[in-house]
Amino acid sequence: MEILKYCKALADETRARLVNVLLRFELNVGEIVQLMEMGQSRISRHLKILADSGLVECRRDGLWAFYRASDSGPGRNFLDGVAPVMEGEAVFGQDLARAAKVIRERMAQTRQFFDSIADDWDRLNKEVLGSMDLRGEIVSRVSGCDVAADLGCGTGELLALMAQKSRTVIGVDSSPKMLELAEDRFHGDARVSLRIGELSFLPLRDWEADCVVVSLVLHHLARPLEALVEAGRVLKTGGRLVVAEFDKHDNEVMRTEYGDRQLGIANREMRGWLEKAGFEVREQTEYKVNMGLAVILYEAVRL
Ligand SMILES: C[S@@+](CC[C@H](N)C(=O)[O-])C[C@H]1O[C@@H](n2cnc3c(N)ncnc32)[C@H](O)[C@@H]1O
């Protein structure tokens with residue numbers, strides 16, 4: 001009986017705690033071990049039982065594995081039924097607070113990583129993109145905007161091109177060092193607003209922009225969908241979104257040398273997220289670049 005399979009999988013305190021956390025966050029094994037304060041073999045055994053039951057999904061990403069509660073299907077229906085019962089227990093609340101802390105620490109690591117490579121970023125970028133003019137391709141798709149925002153703007157090279165084609169531009173980045181270099185580029189130009197912030201909590205008002213660009217940033221995030229929902233919040237209805245992202249790949253160098261959290265994003269997953277975040281994808285173009293990678297440009301409209 002299907003119901004017994006789910007009940008058995010959940011009939012253990014550790015597994016109930018894991019499910020509670022994985023309903024909110026997608027985490028790798030190291031992060032789960034850190035927040036649960038248990039040995040890796042014990043955690044792996046429990047994760048296997050949950051994954052075998054269909055309550056939890058394992059997403060392979062090169063040599064790494066990420067876990068989250070199943071998105072759909074009977075396992076998910078079961079979890080949606082039991083989730084409200086978990087809400088009152090103190091231990092579940094404490095686990096969620098610890099998981100949020102693990103994610104905050106990870107964001108701080110990303111920030112430190114980009115601070116440390118900021119001076120070298122434009123060269124590193126060229127190493128990956130080779131002769132592909134990604135910025136030119138993006139700008140040709142977002143010209144004529146009133147307010148154009150570049151989320152994860154780095155040193156502002158793309159923003160400078162966007163500023164030539166739009167009335168005003170906003171650059172957001174979480175790395176203070178990257179933004180410092182961007183500030184040097186613009187010398188206080190009044191049409192350019194540089195703002196420090198996270199993609200999951202943008203320092204922009206609702207409907208502030210009519211064009212938004214997210215270029216080679218989503219693979220650094222723990223929850224890319226959350227960033228796309230935020231992009232939707234700050235975009236006017238009918239506003240344009242351009243996302244540039246690596247297609248799924250297996251080049252681990254991108255993780256070790258370039259600080260990527262995940263090895264690209266599968267086309268189906270990206271299109272699903274865009275739809276969930278309230279966008280309609282109008283065009284998609286793929287470009288082969290260096291290191292066996294491909295960049296996909298998604299052009300979407302805020303519905
Ligand atoms: C790979 S670089 C891409 C820079 C630029 N968009 C480009 O295409 O050249 C990623 C940028 O996103 C920023 N970033 C990473 N995670 C972020 C986050 N959670 N919130 C805001 N910016 C973030 C980094 O500091 C870095 O400047």
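The side chains of D260 and H219 are joined by a polar contact of 3.4 Å (a pair of N or O atoms within 3.5 Å; within protein, one must be able to donate a hydrogen and the other to accept it, and residues adjacent in sequence count only if both atoms are side-chain atoms). This is a predicted model, in which local features need pLDDT of at least 70 and side-chain atom pairs count only at pLDDT 80 or more, while totals for chains, interfaces and linings use all residues. Residues are numbered from 1 along each chain as its sequence is written, and side-chain values use heavy atoms, with hydrogens and water left out.

- D260 is placed in the loop between α12 (253-256) and α13 (267-276); helices are DSSP runs of H or I with at least four residues, numbered from the N terminus.
- D260 is buried (under 20% relative accessible area, 1.4 Å probe, protein chains only).
- D260 has no salt bridge (a side-chain nitrogen of Lys or Arg within 4 Å of a carboxyl oxygen of Asp or Glu), and R255, the nearest side chain of opposite charge, is 8.3 Å away.

**Ligand**
- A backbone N or O atom of G152 lies 2.7 Å from a nitrogen atom of the ligand, and for a backbone N or O atom of S174 the distance to a ligand nitrogen atom is 3.3 Å.
- The side chain of R135 has an N or O atom 3.2 Å from an oxygen atom of the ligand.

**Strands β9 and β10**
- Strands β9 (residues 279-288) and β10 (residues 294-302) run antiparallel and are joined by 9 bridges; strands are DSSP runs of E with at least two residues, and two strands pair if DSSP finds at least two bridges between them.
- E286 has I296 in β10 as its bridge partner.

Terms used: Buried means under 20% relative accessible area, exposed over 50%, partly exposed in between (1.4 Å probe, protein chains only). Lys and Arg count as positive and Asp and Glu as negative; His and the chain ends are not counted.
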